Amino acid sequence: MSLLMNAKMANDEKNLKLYYEVAVKYFGDTPIGKSVKERFSPVIKIAVGKAVPAFKVKSFEDTTIFITNETFKGKVYLLDFWATWCGPCVGEMDKLHKAYDKFKSKNFQILSLSLDRKSEEITKFRGDKWKMPWLHTFVTNDKKVTDAFEVIAIPRPLLIDEKGMIVAMDADLRGDQLEKTLAKYLGEPK
């Protein structure tokens with residue numbers, strides 16, 4: 001499982017396929033084999049240079065409003081899979097807020113997709129120190145979305161360009177690297 005996870009996170013399709021085949025061969029229909037089949041695909045669909053999959057999620061603030069790829073047409077946007085219980089996700093909040101404030105006037109948007117257990121946890125979190133003044137949705141029970149984006153660990157940030165292509169992900173969008181990567185695709189704000 002560790003080797004599969006590492007290959008997946010590194011977008012190493014060759015080793016992902018190798019470890020997947022070994023796990024399926026030796027663990028078959030055991031709980032481990034079933035978990036591998038459910039959580040991992042030997043083909044990487046989410047990677048830099050690939051189109052973002054179509055998605056449709058309900059707005060956290062108003063569940064009658066849907067957020068889709070079309071919402072961001074012509075914009076650069078960050079999809080941020082996260083949860084309040086995820087220490088590394090919370091650790092990114094300062095950098096996310098600074099980046100949003102710096103680039104929001106440059107045709108940039110963020111959509112945070114929460115994997116929290118209850119929506120009340122998100123509301124409480126946003127009512128405290130981190131306001132997260134961008135778009136939000138709650139995808140805990142939406143396997144269609146988490147599977148489409150190959151979410152096996154969080155935080156899982158993806159940067160999408162104006163044409164709907166994934167241009168950066170994971171480590172390129174965390175910590176001090178976040179603003180550098182955004183500047184590369186949006187230019188420095190004035």
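Predicted model: local features only at pLDDT ≥ 70, side-chain atom pairs only at ≥ 80, totals over all residues.
Tutor: Local features here need pLDDT of at least 70, and side-chain atom pairs count only at pLDDT 80 or more, while totals for chains, interfaces and linings use all residues. Residues are numbered from 1 along each chain as its sequence is written, and side-chain values use heavy atoms, with hydrogens and water left out.

Student: Which residues of helix 2 are called buried?

Tutor: Buried means under 20% relative accessible area and exposed over 50%, with partly exposed in between (1.4 Å probe, protein chains only). Leu16, Tyr20 and Ala23 are buried, whereas Lys14, Lys25 and Tyr26, on the other side, are exposed.

Student: How do you know that the buried residues line one face of helix 2?

Tutor: Take the directions from the helix axis to the C-beta atoms. For the buried residues of helix 2 these fall within an arc of 70°, so one face is lined by them. Those residues pack against helix 1 (2–9) and helix 3 (31–39), contact being heavy atoms within 4.5 Å.

Student: What makes the lining of the largest cavity nonpolar, polar or charged?

Tutor: Ala, Val, Leu, Ile, Met, Phe, Trp, Tyr, Cys and Pro count as nonpolar, Asp, Glu, Lys and Arg as charged, and the others, Gly among them, as polar. By that rule the lining has eight nonpolar, no polar and three charged residues.

How values were computed
Helix = DSSP H or I, 4+ residues; strand = E, 2+ residues; numbered from the N terminus.
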